[in-house]
Amino acid sequence: MKNSTIILMLAVAAIFALSAGPFAGSGDAAEYVGIAKCKMCHNSKAVGGEQYKVWEKSRHANALNTLKKEGESENPKCIKCHTTGYGKPAAAGANLANVQCEACHGPGSAYKSMKIMSKKAFKEDHAAARKKAKEAGLVIPPTEDVCRGCHNEESPKIKGFDFAAYKEKIKHWK
Ligand code: HEC
Ligand code: HEC
Ligand code: HEC
Ligand code: HEC
């Protein structure tokens, strides 16, 4: 191969790397944005649905308070499962207390955009809109593995985990 060809190939590769941004692949570069952003649209039937109202009453929404009562809310060994996206990239100012939407649905900086989470797009072609959201990092449906990231033996209070039964207890979908 000629040197000039190699240089051209490297230049093209560099441009691709730069333009990849948060939409690349599975959304690895995405940041956790916090519950307030999801609540904006997911607190009303007229927009994304009333999932926030269900979540707010769940034990997940109170998980950090549980640690406070034990005097352990500063202990990294505890907060990693009682908060959202612990140790991962977060948007400036994001409140990531408790086990929020993004703990199961993935970091939202790319998929929360109005272009992707568009009521119109989901109404017109649900499968296509879902595909686009997944490309921007949305995890849907979250599988048993996602839950087991926290519901495992490392938890000092684990009572066992039955995916079907536990899923039923957090039901916020049709
Ligand atoms: C700009 C408004 C808006 C924001 C912000 C937003 N969503 Fe959505 N979301 C929607 C709409 C609208 C739909 C489609 C609802 C429908 O199917 O009628 C949707 C759909 C979803 C779905 C279901 C996708 C599917 O395939 O059925 C999930 C999960 C979801 N949103 C999670 C989130 C999370 C988590 C956040 C916060 C990080 C968030 N959304 C932020 C408006 C929004
Ligand atoms: C980021 C960690 C994390 C993830 C991911 C997670 N959970 Fe949890 N879950 C917790 C914590 C922490 C509690 C305890 C909260 C408390 O009581 O303060 C909990 C509590 C629960 C409870 C209440 C248990 C009870 O005895 O009433 C249910 C149900 C539950 N989770 C279901 C699920 C399901 C289903 C998934 C996956 C779809 C999941 N969780 C994913 C951390 C997590
Ligand atoms: C690997 C993830 C993980 C870690 C680490 C973790 N927890 Fe939890 N914690 C959970 C889950 C999941 C539950 C819900 C358990 C269930 O209902 O089966 C929970 C529940 C609890 C509860 C509520 C128990 C109840 O039923 O009332 C307390 C209290 C608690 N954790 C304290 C702690 C403390 C203190 C630490 C640190 C020493 C800690 N946790 C570390 C995942 C974790
Ligand atoms: C503990 C994990 C967990 C948390 C926290 C969570 N979800 Fe979900 N969510 C799930 C699971 C699991 C499903 C898929 C259920 C199914 O279809 O089997 C789901 C489904 C959905 C759907 C419906 C998609 C469809 O197929 O119709 C929407 C919308 C959604 N979630 C939004 C949210 C929003 C918004 C929040 C925060 C207010 C949130 N979720 C918090 C686990 C979670």
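The following dialogue explains how to read several features of this predicted model.

Reader: Which conventions apply to the numbering and to the model?

Author: Residues are numbered from 1 along each chain as its sequence is written, while chains are lettered from A and ligands numbered from 1 in the order in which they are written. Because the model is predicted, local features need pLDDT of at least 70 and side-chain atom pairs count only at pLDDT 80 or more, whereas totals for chains, interfaces and linings use all residues.

Reader: How many helices and strands are there in the chain?

Author: Helices (H or I, at least four residues) and strands (E, at least two) are DSSP runs, numbered from the N terminus. Here the chain has 10 helices and zero strands.

Reader: What percentage of the residues of the chain count as buried?

Author: A residue is buried if 20 or more other C-beta atoms lie within 10 Å of its own, exposed if 12 or fewer, and partly exposed in between, with C-beta atoms placed from the backbone. By this criterion 21% of the 174 residues count as buried.

Reader: Is P156 buried or exposed?

Author: P156 counts as exposed because it has 9 C-beta neighbours inside 10 Å. P156 belongs to the loop between α9 and α10. Its C-alpha lies 9.2 Å from that of C78, although 78 residues separate the two in sequence.

Reader: Which residues make up the largest nonpolar core?

Author: A nonpolar core is a set of buried Ala, Val, Leu, Ile, Met, Phe, Trp, Tyr and Cys residues joined through C-beta atoms within 7 Å. The largest comprises eight residues: A30, A110, Y111, I116, M117, A133, A136 and L138. A second, separate core has five residues, among them I35, Y52, W55 and C101.

Reader: Which residues come nearest to ligand 2?

Author: A residue is near a molecule if its C-beta atom, placed from the backbone, lies within 6 Å of it. Around ligand 2 there are 20 residues, of which R59, T66, C147, C150 and K169 come nearest. Helix α10 gives the most to this shell, with three residues.

Reader: How does the shell around ligand 4 divide by class?

Author: Ala, Val, Leu, Ile, Met, Phe, Trp, Tyr, Cys and Pro count as nonpolar, Asp, Glu, Lys and Arg as charged, and the others, Gly among them, as polar. The shell around ligand 4 has 12 nonpolar, six polar and two charged residues. H42, C101, C104, P141 and W173 are the closest of its 20 residues, and α6 supplies the largest share, four residues.
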